[in-house]
Amino acid sequence: MACSPVPIARSLFVFSIFYGGMVCIAGVLGNKQIPLGPLSAIGPAFGLGPLAVEAGIFAFLLLVAMSSAVAELHGRAVANRLVQVGFLPLIASILLSIVVLSVPAASDMDPARRDAFALMMGGTPRIWLGGIIAYGISQTLNVTLFAALKGREGNRLLWLRSAAASTLSQIADTLLFVSIAFYGVFPIGELLLGQMLAKVTLSAILVPPVIYALVALGRRLDR
């Protein structure tokens with residue numbers, strides 16, 4: 001007798017696809033560093049250069065919001081499974097990048113485009129390793145903290161739970177990734193401080209309303 005397939009919630013299906021896409025694009029966006037506007041001047045006040053942040057943080061903050069929304073809707077175990085499954089597209093994208101970079105470009109390819117592609121996609125093993133480790137630890141920490149606070153507060157104070165969990169997890173993400181990927185390559189003080197400032201600010205201000213919107217969307221999808 002054939003077993004009927006286990007149904008998956010519509011919100012979990014949609015969020016999982018989106019989550020996988022953000023896992024893959026975060027590393028590409030991370031190749032660009034952007035200034036923090038007026039906040040860049042904080043660096044010189046501490047004897048550092050102007051503060052900057054790598055653009056991949058925006059995708060990572062969406063990952064934080066998505067895993068928190070899944071934890072709110074479907075529980076800690078499902079959210080942790082989402083984080084674990086996220087290793088698959090992350091590692092696959094790294095391996096595929098290595099394969100594509102190892103294949104010679106077509107002879108008629110524009111040299112400027114060829115060199116730009118190699119520069120953008122040619123991460124070092126330290127960058128790839130840092131991304132994998134930082135992703136796994138920070139996302140697991142976010143889900144763990146978010147679920148633990150929910151166990152204490154119930155369904156109340158979603159904004160506080162989301163802000164606290166995302167802030168602490170992104171501090172861990174910054175320390176791990178920047179240290180593993182760039183320590184000893186160049187001075188990392190400006191990047192660390194810029195990342196910390198940007199992630200703490202965005203985690204406290206931007207992530208909670210995004211989680212509210214995702215939770216509302218998920219409940220609508222699951223009706």
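Helices (H or I, at least four residues) and strands (E, at least two) are DSSP runs, numbered from the N terminus. In this predicted model, local features need pLDDT of at least 70 and side-chain atom pairs count only at pLDDT 80 or more, while totals for chains, interfaces and linings use all residues. Residues are numbered from 1 along each chain as its sequence is written, and side-chain values use heavy atoms, with hydrogens and water left out.

Along the sequence, the protein chain shows the order α-β-α-β-α-α-α-α-α-α-α-α, which comes to ten helices and two strands. The protein chain is as compact as a globular protein of its length, because its radius of gyration (taken over C-alpha atoms) is 19 Å, close to the 17 Å that the globule rule (2.2 Å times the number of residues to the power 0.38) gives for 223 residues. The C-alpha trace spans about 55 × 55 × 25 Å along its principal axes.

Consider next the contacts, meaning heavy atoms within 4.5 Å. Of the contacts in the protein chain with a separation of 6 or more, 78% join residues 24 or more positions apart.

A single residue illustrates the local picture. Pro-38 lies in the loop between strand S1 (33-35) and helix H2 (42-45). With 77% relative accessibility, Pro-38 counts as exposed (over 50%; partly exposed lies between the two cut-offs). Pro-38 and Pro-50 are twelve residues apart in sequence, and their C-alpha atoms are 9.8 Å apart in space.

Key: Buried means under 20% relative accessible area, exposed over 50%, partly exposed in between (1.4 Å probe, protein chains only).
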